[in-house]
There are 2 protein chains.
Amino acid sequence: MTDAARPGRRPGTSTTRDAIADAAGRQFAELGYDRTTIRGVAREAAVDPALVVHFFGSKQQLFAHVVELPFDPAVVLPQLLEGDRADVGRRFATFVVGVLESDGREAMVGLVRAAASEPAAAEAVRELVTRRVIGTIVTALGSDDAPLRASLVGAQVVGLVMARHVVAVEPLAATAPDTLIDAIAPTFQRLLTEPLTG
Amino acid sequence: MTDAARPGRRPGTSTTRDAIADAAGRQFAELGYDRTTIRGVAREAAVDPALVVHFFGSKQQLFAHVVELPFDPAVVLPQLLEGDRADVGRRFATFVVGVLESDGREAMVGLVRAAASEPAAAEAVRELVTRRVIGTIVTALGSDDAPLRASLVGAQVVGLVMARHVVAVEPLAATAPDTLIDAIAPTFQRLLTEPLTG
DNA sequence: CCTAGAATTCAACGTATGAGGAAATCTACA
DNA sequence: TGTAGATTTCCTCATACGTTGAATTCTAGG
């Protein structure tokens with residue numbers, strides 16, 4: 001019984017702040033905004049709840065600090081969009097499905113879940129998507145209707161995340177990645193390169 | 001001060017049960033599952049919280065009892081799918097956007113919001129979508145890959161709801177219905193009638 | 001008219017939450 | 001070495017929640 005928690009700073013360099021952020025990231029992703037509690041995050045980080053508040057101020061600020069895309073849009077999107085325009089839809093689809101089949105799924109699901117449950121979280125997500133994702137696509141596309149194209153692409157991705165990983169509607173949830181890529185690539189291709197009206 | 005609430009049954013025929021269901025519908029739609037409280041529903045229905053429990057048993061049962069699509073899939077979907085196959089994408093898009101521009105928006109947003117926030121709600125929604133929507137489309141389509149087609153259509157619709165009405169990402173949220181219809185009709189057309197791979 | 005049961009309220013319980021203040025222990029720099 | 005500031009805990013407050021049990025008033029059927 002030497003592990004009784006005692007007040008006061010612990011010996012050594014503190015990595016606690018990061019531990020809290022990590023735990024918060026996992027929990028927001030898994031549980032959404034409402035069901036994630038400061039106390040739960042503190043428990044997972046093996047820390048007193050007051051410390052979470054001490055570092056991040058409030059639950060909302062914690063969320064805002066922890067919301068992140070599992071990739072850097074500024075790096076990834078230009079790479080996807082440059083190159084042969086005839087293949088851009090497939091490249092895009094492959095990337096999206098790839099993220100959802102990897103460690104990135106958690107973060108994506110978390111974003112969507114949180115955006116759906118808490119107004120403040122929705123605003124954080126809107127800001128994130130608008131500035132970093134849509135903005136980047138618009139720059140690369142350059143056309144007049146690029147913002148609409150970009151947001152329709154975003155809607156498609158969000159729909160996938162919801163249907164496949166949040167609601168888990170069958171058979172979509174059980175569809176093989178390659179089949180999925182085949183099925184959605186043309187949509188991205190059209191949204192990114194072909195005329196929108198007609 | 002004659003309106004003090006007194007215990008005991010009120011005179012006349014009781015419509016309270018419906019009032020509670022209505023209030024619950026509105027609140028689940030507006031707030032999602034977690035942020036909707038039995039107490040809040042009771043307040044809106046001008047009723048004691050215990051009465052909500054008396055009628056519906058628990059919050060989860062209340063939700064399950066109140067979840068509904070703002071249209072009857074068994075009536076609407078066959079109508080949309082029969083007729084000229086060359087136009088089915090546009091008919092579908094027009095219908096979906098129409099629902100989202102009308103009173104049906106509330107219910108759709110509620111379904112999506114709730115599905116994102118509560119596991120039990122997600123299951124209710126999955127059940128609803130699988131059996132009543134996807135099932136109907138599959139019957140009308142008849143092909144082998146109809147289930148996948150139907151769930152991709154569902155994903156597209158959910159993505160629209162999320163992006164346009166829950167997160168409200170611009171410019172999608174501000175796009176005119178007609179422009180939107182033009183933009184998404186080809187996606188539905190392809191998902192419903194054209195080859196999925198290739 | 002009587003009574004079984006439905007509708008309705010009140011009060012309460014146990015639990016959880018986000019947050020603040022005060023105290024304790026440590027690090028880091030002068 | 002001393003001390004300002006950072007890190008950490010404990011205790012507490014005010015709220016809110018879902019749910020239960022008992023009491024009260026009404027309706028409906030015999």
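Which of the 29 residues around DNA strand D come nearest? They are A:Arg9, A:Thr16, A:Ala50, B:Gly8 and B:Arg9, where a residue counts as near a molecule or strand if its C-beta atom, placed from the backbone, lies within 6 Å of it.

## Basis of the model

This is a predicted model, in which local features need pLDDT of at least 70 and side-chain atom pairs count only at pLDDT 80 or more, while totals for chains, interfaces and linings use all residues. Residues are numbered from 1 along each chain as its sequence is written, and chains are lettered from A and ligands numbered from 1 in the order in which they are written.

## Chain A

Chain A has 10 helices and 0 strands, where helices (H or I, at least four residues) and strands (E, at least two) are DSSP runs numbered from the N terminus. The C-alpha atoms of chain A fill a box of roughly 70 × 35 × 30 Å along the principal axes.

Of the 198 residues in chain A, 40% are buried; a residue is buried if 20 or more other C-beta atoms lie within 10 Å of its own, exposed if 12 or fewer, and partly exposed in between, with C-beta atoms placed from the backbone. Among contacts in chain A between residues at least 6 apart in sequence, 67% join residues at least 24 apart, a contact being a pair of residues whose C-beta atoms, placed from the backbone, lie within 7 Å.

## The surfaces near the DNA

The surface near DNA strand D draws at least two residues from each of H3 of chain A, helix H2 (38-44) of chain B and H3 of chain B. By class, this surface has 11 nonpolar, 10 polar and 8 charged residues, where Ala, Val, Leu, Ile, Met, Phe, Trp, Tyr, Cys and Pro count as nonpolar, Asp, Glu, Lys and Arg as charged, and the others, Gly among them, as polar.

Around DNA strand C there are 29 residues, of which A:Gly8, A:Arg9, A:Thr37, B:Thr16 and B:Ala50 come nearest. Helix H2 (38-44) and helix H3 (49-56) of chain A, together with helix H3 (49-56) of chain B, each supply at least two residues of the surface near DNA strand C, and the residues of that surface divide into 11 nonpolar, 10 polar and 8 charged.

## Where the two chains meet

In the contact between the chains, 40 residues of chain B touch 40 residues of chain A. On the chain B side, helix H7 (104-117), helix H8 (119-141), helix H9 (146-166) and helix H10 (177-193) each supply at least two residues, and H9(B) gives the most, with 13 residues. The residues on this side of chain B divide into 23 nonpolar, 10 polar and 7 charged.

In helix H4 (residues 59-66) of chain B, the residues B:Lys59, B:Leu62, B:Phe63 and B:Val66 are buried. Seen down the axis of H4(B), these buried residues fall within an arc of 95°, so they line one face of the helix; the arc is that of the directions from the helix axis to the C-beta atoms. The buried residues of H4(B) pack against helix H1 (16-31), H2, H3, H7 and H8 of chain B.

Conventions
Contact = placed C-beta atoms within 7 Å.
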